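Please look over the sequence and the model shown here before reading on. The briefing that follows groups its points by topic.

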Amino acid sequence: MPLVFAGITPHAPILLPSIGKEKAEDSLEKTLDGLEQLARDLYIAKPDIIIMISPHQGVFEDTFSINAASKYTATYEQFGDLSTTHHWHGAPMFVEALSTNCHKAKLPTRFIANETLDHGSSVPLFFMTEHMKDTRIVPIGFSQLSTKAHLQFGQFLQSFIQERPERIAVIASGDLSHCLTKNSPAPHDKEGAFFDKRLMQMLETKNTVGVLTMDEKMIEAAQEWGYRSILILLGILSEINYQFKRYSYEYPFGVGYLVGNCELP
């Protein structure tokens, strides 16, 4: 099976040692351990290409975005780190084939060529590819289309992946609720904890319909930034007998950070 790995990661810049420093080590130990474990799983899977679904790739109202650049660079000046730079290789031939298939299927997709990689992709990739420098990546961004459209886009990607000769991994990047405590970036709302708990329960029971039909008011109140990334991932996993394994979940700064492996048969 060309799909060899599927996982969920947070993307908070504070996780990076050049930004979080001792604060991350002290407060995010579970998350860092979870990312280390997930990176080991990815290394064992030996993917040729990583499809990176990021909330910060570029959210268009009525189209999904797919980045076709041949190389990527990430910097972190906006987070106070003026010196760190990360680089990855793109997969333009893979994206060219994907573009042809999207066009034939008349999918609402926009293909861009932006060599600047957003932190929603670069933070997880820093941990996931530390020992896989030559692995190529394909950054994808979600849209403001319906939840059903995101699931269907993932199902389309699954059919495309199945026909490819490469070994392909998919990572859904996203932070969960941003209103879990009084110290959260968004005003505290009890719906945030309900959202995170419910989402994780449904991932663990493989209740894709439940994730798809979560209460819209609860989702909005939770101030999440990863729900649609996960919906695309679940579409890719449709009809695959995976088992979700949660490696860590914590919220020391009032934002839910989830690390998990959708273990494939």
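**Asp118 and its surroundings**

Asp118 touches Ser54, His56 and Gln57, where a contact means heavy atoms within 4.5 Å and residues up to four places away in sequence are not counted. This is a predicted model, in which local features need pLDDT of at least 70 and side-chain atom pairs count only at pLDDT 80 or more, while totals for chains, interfaces and linings use all residues. Residues are numbered from 1 along each chain as its sequence is written, and side-chain values use heavy atoms, with hydrogens and water left out.

- Asp118 lies in the loop between strand E6 (109–112) and helix H4 (119–128); helices (H or I, at least four residues) and strands (E, at least two) are DSSP runs, numbered from the N terminus.
- Asp118 is buried and yet has no salt bridge, the nearest side chain of opposite charge being that of Arg110, 15 Å away; in this count Lys and Arg are positive and Asp and Glu negative, while His and the chain ends are not counted.
- Buried means under 20% relative accessible area, exposed means over 50%, and partly exposed lies in between (1.4 Å probe, protein chains only).
- The side chain of Asp118 does reach the backbone nitrogen of Gly120, at 2.9 Å.

- Helix H2 (residues 29–45) has 17 residues and reaches 25 Å from its first C-alpha to its last, close to the 24 Å expected at 1.5 Å a residue, where the expected span is 1.5 Å times one less than the number of residues.
- The buried residues of H2 are Thr31, Leu32, Gly34, Leu35, Leu38, Ala39, Leu42 and Ala45.
- Seen down the axis of H2, these buried residues fall within an arc of 155 degrees, so they line one face of the helix; the arc is that of the directions from the helix axis to the C-beta atoms.
- The face of H2 turned away from its buried side carries the exposed residues Glu29, Lys30 and Ile44, and just after the helix Lys46 takes a positive phi of about 50 degrees.
- Helix H5 (residues 147–162) has 16 residues that should span 22 Å at 1.5 Å a residue, and its end C-alpha atoms are 23 Å apart, which agrees.
- Among the buried residues of H5 are His150, Phe153, Phe156, Gln158 and Phe160.

**Salt bridges**

- A salt bridge is a side-chain nitrogen of Lys or Arg within 4 Å of a carboxyl oxygen of Asp or Glu, and by this rule the count comes to 3.
- Glu36 and Arg40 meet in a salt bridge (3.5 Å, N to O); both lie in helix H2, 4 residues apart, about one turn of the helix.
- Glu36 is partly exposed at 47% relative accessibility, and Arg40 is partly exposed at 45%.
- The side chains of Arg164 and Glu166 form a salt bridge (2.9 Å, N to O), and Glu166 counts as buried at 12% relative accessibility.
- Arg246 and Glu204 also pair through their side chains (3.8 Å, N to O), linking distant parts of the chain, with Arg246 in strand E9 (residues 243–250) and Glu204 in helix H6 (residues 190–204), 42 residues apart.

**Leu3 in strand E1**

- Leu3 is placed in strand E1 (residues 3–9) and is buried, with a relative accessible area of 6%.
- Leaving out residues up to four places away in sequence, Leu3 touches Ile161, Ile168, Val170, Ile236, Leu237, Ile240 and Leu264.
- The C-alpha atoms of Leu3 and Pro47 are separated by 8.5 Å, although these residues are 44 residues apart along the chain.

Terms used
A polar contact is a pair of N or O atoms within 3.5 Å; within protein, one must be able to donate a hydrogen and the other to accept it, and residues adjacent in sequence count only if both atoms are side-chain atoms.
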